[in-house]
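Hi,

Here is the structure I promised to pass on. Please open it alongside this email and follow along.

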Amino acid sequence: MDFRSPVGYFPSFLVLFTVISSSKAVVSTSTRDINPPYPKAISDLKEVIVKGLGFQTEDFKISGFDLRDALVGHSVAYEFDVEIDKKVLPFKLLEDVNRWEYVDLPIFRVEEAGNQNGLVEKRKLDDALPVLAPFQLAGPMELWIQDAKDMRISLPHDVDAGVLKKVILADGAIVTVKGARSVSLRHPLDLPLPLNQTNNGFASGLLTLAEQLRHASRVQGAPLLSLRIVGPTSLAVPSTSSPSPANKLKLKRLAPGLVELSSPTKTEAMKALTTIDLQEGATALLTPKHFTTMWPVTSVNGSNPNLLGLETLLSSVLGPKSKENGSFRLLKADVSAQTFMKIGFGVEKNLKGGDVSDWAGFPEWRTKPETLRMHFEVLAKIDGDKVIPERVVQVNPVVVEDTIAPNVLLQNKTMSTTPIVHPPLSAFDL
């Protein structure tokens with residue numbers, strides 16, 4: 001049984017991007033103590049999985065979900081909704097989880113009656129949420145800040161601009177965004193076709209689309225590209241080795257909670273792109289290099305593997321239309337840092353003697369067990385105080401080698417009746 005997010009069915013070629021490795025972890029052995037009481041998040045997860053797998057009869061028994069075996073890791077999810085010929089195609093791509101580790105998250109703890117530390121635990125959970133690696137954005141565009149009270153601006157020194165809900169980046173203004181948990185598109189975009197194929201290791205088609213959008217945004221009165229940023233965020237001028245006017249931005253207050261950032265010299269500002277120092281522990285979002293950059297995320301270059309793979313995916317989805325004149329619509333684009341958990345559990349099924357299919361491939365000489373045990377592993381996304389299952393796969397436990405008693409191998413013969421065999425002499429014997 002495969003649990004998937006509401007974005008829908010994944011085509012087979014998405015395997016190139018869905019790089020979360022399937023684990024061969026084994027469910028806790030029976031030598032462990034009985035599982036402690038489940039927290040509410042894990043109880044809800046178990047209930048959803050049991051219903052999804054159809055284990056609702058008395059012939060099945062569920063075991064496991066031991067939080068001592070739960071592994072936690074961080075990844076980046078890319079979600080897109082593309083409309084082609086009035087058909088909406090949802091996609092979800094996941095980066096690899098670089099490291100799985102045992103983490104005692106607050107949602108893994110059983111709530112006690114009269115617990116007064118709920119607010120403290122929630123703050124600890126908020127502090128442990130992953131963030132995107134720093135990235136650069138270039139105008140003209142507008143940024144809507146969801147956590148406005150936690151917004152910081154550095155030009156290059158910190159500026160007290162009050163509670164900022166909206167920031168407009170003028171043409172030529174470049175900022176480094178740090179601390180964001182997700183970035184999403186606020187309004188749909190109509191993208192022109194044809195889409196050029198990848199050329200010389202660069203995503204030429206997506207770069208062309210981005211450049212066309214940039215020129216369209218420069219037209220007087222044209223709507224600006226609008227993005228929403230979630231999480232305590234800071235906007236800073238990209239750091240360079242030598243100070244120059246291009247390293248500074250001018251702040252203009254347009255209304256309460258609304259400011260505009262502009263660059264004194266547009267040309268020099270576009271040349272001020274530098275490598276970003278990633279914060280330790282930040283989830284890798286984009287790899288900044290000095291090749292052909294893509295607007296508005298100027299920290300992305302055309303040879304980025306994620307960008308190349310995305311263009312290949314888009315070309316496959318569009319098919320022949322990718323080479324024809326026309327357009328398609330990008331309804332949704334969301335990039336977010338997420339926390340995933342994987343945990344094992346077991347299913348025990350009562351076998352019936354008349355069911356021959358249960359004994360397919362089973363040696364005739366072995367005693368037929370009365371129960372069949374299956375092992376599964378669930379990959380789930382941690383969303384606040386909820387654990388949402390993404391995928392459930394069956395895993396193979398450690399294979400136990402069969403051992404046979406010597407009397408069975410010798411067909412119950414005694415040593416006195418066993419013939420004595422003298423091996424030939426070796427020239428190397430003394």
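Predicted model: local features only at pLDDT ≥ 70, side-chain atom pairs only at ≥ 80, totals over all residues.

**Helix α5**

Start with α5, which covers residues 305-318.

Now look at the two ends. At the start, a side-chain oxygen of N304 comes to within 2.9 Å of the backbone nitrogen of N306. After the helix comes G319, with a positive phi near 65 degrees.

Which residues of α5 are buried? They are L307, L308, G309, E311, L313, L314, S315 and L318. An α-helix has 3.6 residues a turn, so residues three or four places apart point the same way. The cover over the buried residues of α5 includes strands β2, β3, β11 and β16, plus helix α3.

**Q338**

Next, go to strand β16, where you will find Q338. Is Q338 buried or exposed? Its relative accessible area is 9%, under the 20% cut-off, so Q338 is buried. Its side chain makes a polar contact of 3.1 Å with the side chain of S336. Beyond its sequence neighbours up to four places away, Q338 touches several residues, among them G73, H74, E79, K92 and P130.

**P130**

P130 and G179 are 49 residues apart in sequence, yet their C-alpha atoms are 8.9 Å apart in space.

Best wishes

How values were computed:
Residues numbered from 1 in each chain as written. Heavy atoms only, no water. Helix = DSSP H or I, 4+ residues; strand = E, 2+ residues; numbered from the N terminus. Expected span 1.5 Å × (residues − 1). Buried < 20%, exposed > 50% of the residue type's maximum accessible area, 1.4 Å probe, protein only. Contact = heavy atoms within 4.5 Å. Polar contact = N/O pair within 3.5 Å; in protein donor to acceptor, adjacent residues only side chain to side chain.
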